[in-house]
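This briefing describes selected features of the structure shown below. Points are grouped by topic.

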Amino acid sequence: MTKKWVYLFSEVGEAERLAGSWDGARALLGGKGANLGDMTRLGVPVPPGFTVSTEGCNAYLAAGNEFPEGLWQQELDALRQVEERTGQTFGDPAKPLLISVRSGAKFSMPGMMDTILNVGLNDEVASGLVALTADPRFVYDSYRRLVQMFGSVVLGVPDEVFEAVITGRRKLAGVSVDSELKASDWQEVTRKFKEIIRTYTGEPFPEEPLEQLRLATEAVFSSWNGKRAVDYRNAAGIRHDLGTAVNIQAMVFGNMGDDCATGVAMSRNATTGEKHLEGDFLVNAQGEDVVAGIRATQPLEELAEIMPAAYEEFDAIAQRLERHYRNMQDMEFTVEHGKLWVLQTRDGKRTAQAEVRIAVDMVEEGLIDKQEAVGRVKPEQVDYFLHPQFEVKARKDTPKLAAGLNVSPGAAVGVIAFDADTAESWAKEGRDVIMVRPETKPDDVHGMLAARGILTSSGGRTSHAALVARQFGKPAVVGVAALAIDLDRREMNIGDLTIKEGEVISIDGTLGDVYLGALPTVIPDIDNPFLTKLLSWADEIRTLGVRANADYPADAERARAYGAEGLGLVRTEHMFFQSERLAIVQKMIMAKTPTVRAEALAALLPLQREDFEGLFRAMNGLPVIIRLIDPPLHEFLPPHDDLAGDLAALKMQLQHFHTLEEMDAALGVIRQKQDHLTRVTELREANPMLGTRGVRLGIIIPELTKMQVRAIFEAACAVKREGVEVHPEVMIPLVSHVNELRSQKRALEEEAELVMAEQRMRVDYQFGTMIEVPRAALVADELAAEAAFFSYGTNDLTQTAFGISRDDAEKSFLMYYLEHGILEENPFATIDKAGVGRLIEIGTQLGRSVRSDLEVGICGEHGGDPASIHLCHLYGLDYVSCSPFRVPIARLAAAHAALKYGPQLGAAKGDGAAHGAEPAADDKGVVKA
Ligand code: PEP
Ligand code: MG
């Protein structure tokens with residue numbers, strides 16, 4: 001028996017059974033085909049039709065563009081069934097069946113592969129249809145659409161050529177819109193279109209209906225490997241071996257008179273998520289007219305007045321489909337002589353705001369549970385709430401250039417690029433670009449992805465530009481009617497104003513406004529009540545803690561407001577870099593005697609203490625991990641070459657001074673610079689990243705870290721006295737040998753105890769270490785005997801594990817590695833599971849083998865990366881620590897990890913969980929006994 005390649009919509013149950021699941025049915029029939037079948041099963045009025053499976057597509061492509069055995073015959077058989085259902089016959093002028101041919105892959109790829117409508121028309125059928133409908137205008141308009149779509153989609157004739165014919169015809173007829181063209185005009189246009197096809201392809205337009213069907217089916221199959229489809233899949237992370245299905249369906253017409261209409265609708269607002277039906281429609285039009293944005297559409301509410309029965313039925317169906325799919329639906333419908341048909345439904349694309357609101361609302365409506373709501377929202381969508389918006393005052397004070405539809409929120413500023421290639425190449429040069437087009441097409445997606453924002457002069461909320469922008473979170477304003485774009489002159493006009501390509505504009509996708517020049521932006525308030533609720537559910541689900549890296553009280557406050565459960569890293573040296581302190585730090589570094597050094601440190605002490613007090617107050621009740629000074633000292637002095645250059649210049653100037661005072665002053669400066677240069681030369685290292693930094697510094701200059709510890713404990717006691725609950729955790733960086741930790745910790749703990757005795761107060765504290773070099777991970781059991789906590793500094797750990805510089809690699813070979821697939825991921829962005837991840841696993845396991853309550857976290861940049869957060873969950877870490885702006889994302893990603901892998905079992909027990917079937921640490925023999 002030959003394989004089943006073709007499924008009638010009414011056979012969806014069989015497809016589901018054969019594929020083993022609904023997801024399997026979607027893979028087999030494509031999302032669109034499966035949903036058409038599903039709607040048919042639900043009793044929704046769907047025009048009859050059938051789906052050629054994705055397996056058919058894959059077999060066709062694998063065979064070098066040959067139909068597999070039985071496929072074509074099955075199409076013909078299915079077509080017979082549709083003829084029976086509709087009482088019409090394909091190719092029969094007396095009662096013709098017309099069909100549409102559409103692609104439909106498992107995952108929706110908006111506009112990636114075009115539809116062909118009215119298949120089955122030819123001269124003879126057209127005449128028959130005129131006799132049948134007495135509407136020659138409708139018939140010849142439909143016919144020219146078939147020839148046009150067939151010509152461009154199947155035969156590859158550029159669409160502009162066809163459009164030029166229509167424009168010419170409008171001029172000749174003295175009309176401004178297509179709807180004013182008459183039957184004879186369309187008949188003539190159709191004739192011209194056929195001539196064009198013959199000229200371009202050397203072949204006549206196929207008049208034989210079955211030939212049309214066959215070629216259209218093949219075109220859909222082949223379009224799977226078309227450039228724009230491949231680009232889209234690359235951008236959206238869709239696999240390339242899924243194939244597309246072909247949906248063949250009886251045509252219904254929204255353009256057969258004023259009792260006909262066609263439209264698109266979302267069951268909820270796709271921008272805000274509010275629960276009401278929203279969409280656009282046109283009376284007496286075909287579906288493509290609505291999405292193409294050529295005619296001004298009417299809002300869906302107006303359908304309720306014009307065709308109340310159809311509207312009511314549609315509203316009820318929309319609600320039913322939502323309940324059935326438990327998701328917001330994006331639907332297409334047609335009303336043919338008052339009868340409603342639903343042509344398509346799918347989960348609607350939406351903005352991040354809408355995603356969050358819909359997820360939360362649907363939990364409250366009882367449609368989904370909290371887990372599903374949390375699982376639906378992607379970490380990047382939370383990021384979206386942190387997107388810039390224009391400053392309100394600037395927005396109010398700047399005159400608007402124009403306004404359009406606010407289809408994808410956020411503010412974007414950039415130079416205008418009028419085509420996708422320019423947008424892409426300018427973006428590659430590092431420029432912020434706003435891509436401006438009359439409307440966008442699938443070919444434009446690469447430019448849209450590269451651009452900061454998108455602006456179009458036509459198109460609606462459901463236009464290609466709007467859908468793609470929303471999906472990729474690009475701010476977009478579309479349908480700016482005031483905008484006249486002249487692509488040839490590379491300029492656009494708004495009223496009298498001419499703006500050239502390369503000039504800067506600002507667009508506000510939240511409000512739909514356009515401004516000339518660059519408006520200042522601000523990060524929005526993240527206190528969106530729906531997001532707050534969703535994140536609170538994420539907190540209930542996750543078992544991994546989330547802390548923040550913050551150096552200043554204001555950042556700590558922000559981190560806390562974003563949901564941080566403490567500070568995982570305070571980089572104390574950042575406080576030294578503040579300009580008024582730098583001179584004191586330099587004095588300390590330059591000190592030739594212990595007394596001078598002590599003076600400098602004494603001056604720094606109150607400043608550091610004040611910093612810590614602020615942090616403790618902000619984190620009242622939560623742990624605060626303070627890392628002692630880490631960078632090499634020369635970083636606090638001017639660079640060697642600058643000093644040498646300054647000195648040479650100053651010496652040259654000496655001869656031009658006239659007064660002794662001038663000379664004296666200059667000599668003073670020269671002496672100071674000379675001293676700095678001498679000290680910089682002494683401190684200079686060929687490899688400072690592997691030099692005197694971290695714990696090594698504290699061992700060489702113990703007064704420095706002692707001062708820091710004194711400041712920490714004096715601050716802790718002071719705020720505790722105010723009633724603040726303090727939990728300082730003192731972290732020693734860059735340890736590689738336990739003796740380093742022992743020596744430093746002994747000295748520092750003595751100082752801490754001394755301060756507490758002086759203050760007659762005890763605070764709850766811990767000393768711990770960072771693990772930033774492979775050796776530390778491998779001797780983590782020895783370290784854990786000294787340290788109460790570990791924090792993986794995955795920036796340095798990646799640098800030292802790979803032996804690649806975190807400062808230079810991304811400027812040079814690492815990018816080459818990534819582009820050429822030598823490395824799949826940037827290890828500085830996502831934890832390298834096999835190497836760095838393994839070190840984290842080993843270190844954690846060893847550490848906990850001697851101290852079961854060892855607190856373990858990470859504080860490198862990876863702490864805010866969702867994929868790395870999943871690994872940390874699997875490694876059984878206690879927390880991740882990341883920048884305040886990543887905290888909400890980390891909370892959600894940690895919840896996703898718990899949903900995906902189950903809650904953490906507590907401590908990582910070296911069961912190799914993160915490595916799946918890979919042997920556990922012990923089996924590999926890596927871990928020492
Ligand atoms: C790290 O190395 O990962 C770390 C957090 O420390 P820093 O980035 O300050 O070196
Ligand atoms: Mg580090």
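Both Phe-314 and Phe-333 are buried in this predicted model. Their rings form a tilted aromatic pair, with 4.6 Å between the centres and 40 degrees between the planes. The pair connects distant parts of the chain, since Phe-314 belongs to helix α13 (residues 308-325) and Phe-333 to strand β11 (residues 329-336), 19 residues apart.

**Other aromatic pairs and clusters**

- In total, 15 aromatic pairs are counted.
- Phe-162 and Phe-193 form an edge-to-face pair, because their planes stand at 70 degrees, over the 60-degree limit for that class, and their ring centres are 4.7 Å apart.
- Phe-162 and Phe-193 are both buried.
- One aromatic cluster is made up of Tyr-60, Phe-67, Trp-72 and Phe-221.

**Charges over rings**

- Arg-233 places its charged end over the ring of Trp-224, at 3.7 Å from the ring centre.
- For Lys-339, the charged end sits over the ring of Trp-341, and the distance to the ring centre is 4.7 Å.

**Surroundings of ligand 1**

- Ligand 1 is surrounded by 14 residues, the closest being Arg-571, Gly-793, Asn-795, Asp-796 and Arg-806.
- Arg-571 contributes a polar side-chain atom that lies 2.7 Å from an oxygen atom of ligand 1.
- The backbone also takes part: a backbone N or O atom of Asn-795 is 2.7 Å from an oxygen atom of ligand 1, and a polar backbone atom of Thr-794 is 3.0 Å from an oxygen atom of the ligand.

**An open sheet with mixed pairing**

- Strands of a sheet pair through backbone hydrogen bonds, in either the parallel or the antiparallel sense.
- Here, 8 strands form an open sheet in the order β14-β24-β23-β16-β17-β18-β19-β15, and the pairing is mixed.
- Its edge strands are β14 (402-403) and β15 (405-408), each of which pairs on one side only.
- Within the sheet, strand β17 (residues 433-437) and strand β18 (residues 453-456) run parallel and are joined by 4 bridges.
- The bridge partner of Ile-434 in β18 is Gly-453.

- Val-850 is part of helix α35 (residues 833-850).
- Is Val-850 buried, partly exposed or exposed? Val-850 is partly exposed, because its relative accessible area of 47% falls between the 20% and 50% limits.
- Apart from residues up to four places away in sequence, Val-850 touches Asp-781, Ala-784 and Ala-785.
- The C-alpha atoms of Val-850 and Ala-780 are 9.2 Å apart in space, although the two residues are 70 residues apart in sequence.

**The chain as a whole**

- The protein chain contains 38 helices and 33 strands.
- Its C-alpha trace spans about 110 × 75 × 50 Å along the principal axes.
- Of the 929 residues in the protein chain, 56% are buried.
- Among contacts between residues at least 6 apart in sequence, 69% join residues at least 24 apart.

Key: Residues numbered from 1 in each chain as written. Chains lettered and ligands numbered in written order. Predicted model: local features only at pLDDT ≥ 70, side-chain atom pairs only at ≥ 80, totals over all residues. Heavy atoms only, no water. Pairing = 2+ DSSP bridges. Helix = DSSP H or I, 4+ residues; strand = E, 2+ residues; numbered from the N terminus. Buried < 20%, exposed > 50% of the residue type's maximum accessible area, 1.4 Å probe, protein only. Contact = heavy atoms within 4.5 Å. Phe/Tyr/Trp six-rings, centres within 6.5 Å; stacked < 30°, edge-to-face > 60°. Lys NZ or Arg CZ within 6 Å of the ring centre and 35° of its normal. Near = heavy atom within 4 Å. Polar contact = N/O pair within 3.5 Å; in protein donor to acceptor, adjacent residues only side chain to side chain.
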